[in-house]
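Here are my notes for the file. Please read them with the coordinates open.

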Amino acid sequence: MNTVEIEDLSFTYPGASQPTLLNVTFTIEKGDFLAIVGNNGCGKSTLCKVINGLIPHFIVGDMQGNVRVCDMDTRTSDVGTLAQKVGYVYQDFENQIVRPTVLDDASYACLNFAFKDYEERGRRALALCGLEGLDDEYVWQLSGGQTHLLALAGAVSLQPDVIILDEPIAQLDPKHADAIYEVLKDLNENHGKTIVVIEHHTEYIADYCKHVLLLKDGTVRWKLPAHEALRRVEELEASDIFPPQVTQAAHRFKVTGSLAHVETLPTTVGEGKAAFASLKRDTHGNDANQMTDTPAVDGEASRGNTSDAASSSAAPAEPESESDAPDALASSAAPEDASNMPSVPAVEFNDVTLGYRSVKGDRHVVLDHFDLSINEGEKIALIGSNGAGKSTIMKLMVGLLKPAAGTVSLFGSPIGNKKAEEISRQISLVYQNPEEMFIKDSIENDISFAMRVRDVPQWEEKTAQLLERFRLTDLRNRDGRLMSGGQMRRASLAIGIALNPSILLLDEPTANLDIATRREIMAVLDDMKDIIKTAVIATHDMQLVCQWAERIIVLCGGKVVADGTREEVFGDKRLAQLVGIRPPEIFTMARALDDDARCFTVDEFVSGFKEA
Amino acid sequence: MENAMSKTMNKLSENVLDKFSMDFLRNQVLKNAYGNTDTVIAKLDPRILLVWYVFFALVPWFVNNVPFLLGCFILVLITTALARVAGLVLFVFALGVFSQTGYLFVVSLLFGGDASTVLPLLILTLKVATVSLASITVFSGLDPDRLSNGLLWFGVPERLSFSISYAYRMLPMLMEEFQNVLLSYKLRGNPPSHDTLMGKIRYLIYQVKVIMQSFYPLMLNTAKRARTTVEALELRGYRNAASNKEVRKIMLSSLRVQYSDFMFIAISVLWVALSALVSTLI
């Protein structure tokens, strides 16, 4: 039985010259777990708003074709009735929470639809989403992951047949992301809900989804069973979607003529173990994959239930590695750096303490006697779970926050003594949310603002150059807020580097981005390396970390728990458990094949393993 | 003299953006709305409190008897203390009362006024203070949801009462947004140096200008967020609730008059009666 039937649907936003959706036809079966994929701006969100009736009832435009949801024509039924059949969780989910306390918000919709047992329904929804016991908590005190679960609970409370989530894990650390997907899996398998997600984390699609629908330029390319869909490597990449790393690697082997016996490409680490069984590590030609000097540690707990790598690769851990505590790691890395770097660090945190007061008056400490030094020329990734203090550290570095105790120094002198003007020439921060950087009415004015107020000579020319470099010349008169996600990100980078800072801080630069935009941002960083000597990126994107960073700093509860190279950080099993960081899938794959292997990118994997 | 002056200026200009930060404001607003749900006042039935408020908001205007007004003033002073109102609100109250009448008092003294000019001003100040404190007790002692439920019971349209509780939900978000925009100015702007006295004045003007300029991006960012909120409200049945009598009934079923409410009214009546009695005796 089909829950959703869409037939020959076309939709054009008012004033747009091109239709956003064109001749879309597909069905979603009851009980399906469907992932909708496609590049930024291909019409995914629009399609989902058609399913829950916001289009055409709330968002007007030219809609053609038929949409039936739970045997109701969306055109003739009202939004309220449809809302009880289709739950929706927005990408900017924090804006859909309208009540001050958790239980209030979870039961709000039920109250509005006059269910007498609204509180009970709200409680049940909270329990389903793993938020029991937080009933009276205020919503602004929840973590990012909890807020997302609350938005989900609000949708679940009406007991809809279909639940749609727009990029549910874009800004979450792996632990919180797993929590969301486990809840969805439970709703799907044990409560018969049909789940639709817009997602470009293909590893999660491989583990949890049943079908994948590829949308390109507003048309449906295909809808296929998930694993079959993920094997279409070339088509996915053409739509700016990374297939799982295991699949990418297998595809690369196939292209070069290896693995002839493998008929279907693997999509999970579990499948990869069978497919890559004939591969042996090439121990001669490639030093990069060898780590003879560190004791072997057993495989990282692999993510997800459906992949069986965790159980099969769990070789007994050697006791020596257990003693390799994160703290020891942090201290051993520091003196080594000091010997071959200039004596004055670019940024130095000295015994910094910072806290804030919550509503009820108790003090919450974010950083407690925090020490850190960053040297010129380093490429640093700052990782750790949501709320570990990453953004706080960045704000301290640019002087937006003042420490309660201790000092933060830039090139040897404390930030507190510096003028704002001096700080902004030395260091720049690109916010996680690009909208917050747009303070003028066009991006051209935004980019030139800092130069203009400082009377930088030839600021007009420099602005034009920046616009050109970030391919924004045609958009220069647009307000930043009205651009697409990728364009906004490019504009925010242009604003961030306008004053040629020698240190650049990027807060979550790749969240919500498809590969094309991501690659572009990495290219810019590479391009600018003469000017931007030191770069720090706070991120959950471990593929980015492994490709780019030379030094990884792991934060947990406002403390540095590890500081070192990717080999040191991802090789430490205790650390992974402590802070919930997770190496890229390809790293887990390689270690499942050979416990001594250290492959951080698909390239390293492909060059590091040969057919026996 | 010059030194002391520049010191004050220094303090003032530092304070505008730093000490008196958005974080502080946000915290005070939240504290005011939700930080005191366990006080005696917060536990009262909102309907009773609203009736109580109507008395203290109207009666003082029509009475000119100082002992009676003083009695009322002391009572609302006590209820304000019981409601544990946030410091910022009290500060705004003090500033408000002074700017309404207090400065007249000072001016009249400067121009050779004496007790005869002081008395009418004192009475006016007392009236304003009493009414303001009664408002503070009710509107910031109750949490916004109970307040809006109380208003709903008296037949105030659903939309208005929802707006009150929603405004409180939005305020922290709005202030956070505002803070972010201000920080963007702080990062990229070029404030005038403030070592000299003139520099400090220029710096102060600069800060005020930045705050004004921040409104444009603030409004646009908020509007962008509100787009999702409006859609979400629609999906979550807000429109349905506004037209459905059943919903109103469910919402109001949580209101209950208790023993403590009677006590509160009884004490208030007794106190007011006592003040009236005293005022006739004197």
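1. Start with the core. The largest nonpolar core holds 103 residues. Those touching the most other members are Leu382(A), Met397(A), Ala494(A), Leu505(A), Val554(A), Ile586(A) and Phe605(A). Beyond four places in sequence, Met397(A) is in contact with Val347(A), Val408(A), Ile427(A) and Leu505(A). There is also a second, separate core of 97 residues, with Phe11(A), Tyr88(A), Phe115(A) and Leu128(A) among them.

2. Chain A overall. Chain A has 612 residues, and 53% of them are buried. Its secondary structure comprises 26 helices and 22 strands. Of the contacts in chain A with a separation of 6 or more, 69% join residues 24 or more positions apart.

3. Confidence. This is a predicted model, with ipTM 0.77 and pTM 0.81. Chain B averages a pLDDT of 81, and 91% of its residues score at least 70. Check residues 10-17 of chain B: pLDDT stays under 50 there. The model has 11 contacts beyond four places in sequence for that stretch.

4. Domains of chain B. The assignment gives domain 1 as 1-34 + 143-243 and domain 2 as 36-142 + 257-276. Their C-alpha centres lie 27 Å apart.

5. Where the two domains of chain B meet. Here 11 residues of domain 1 are in contact with 14 residues of domain 2. On the domain 1 side, helix H2 (22-34) and helix H8 (144-153) of chain B each supply at least two residues. H8(B) gives the most, with 5 residues. By class, this side of domain 1 has 4 nonpolar, 4 polar and 3 charged residues.

Technical notes. Residues numbered from 1 in each chain as written. Chains lettered and ligands numbered in written order. Predicted model: local features only at pLDDT ≥ 70, side-chain atom pairs only at ≥ 80, totals over all residues. pLDDT = per-residue confidence, 0-100. Contact = placed C-beta atoms within 7 Å. Core = buried A, V, L, I, M, F, W, Y, C linked by C-beta atoms within 7 Å. Buried ≥ 20, exposed ≤ 12 C-beta atoms within 10 Å, placed from the backbone. Helix = DSSP H or I, 4+ residues; strand = E, 2+ residues; numbered from the N terminus. Domains from an automatic or database assignment. Nonpolar A, V, L, I, M, F, W, Y, C, P; charged D, E, K, R; others polar.
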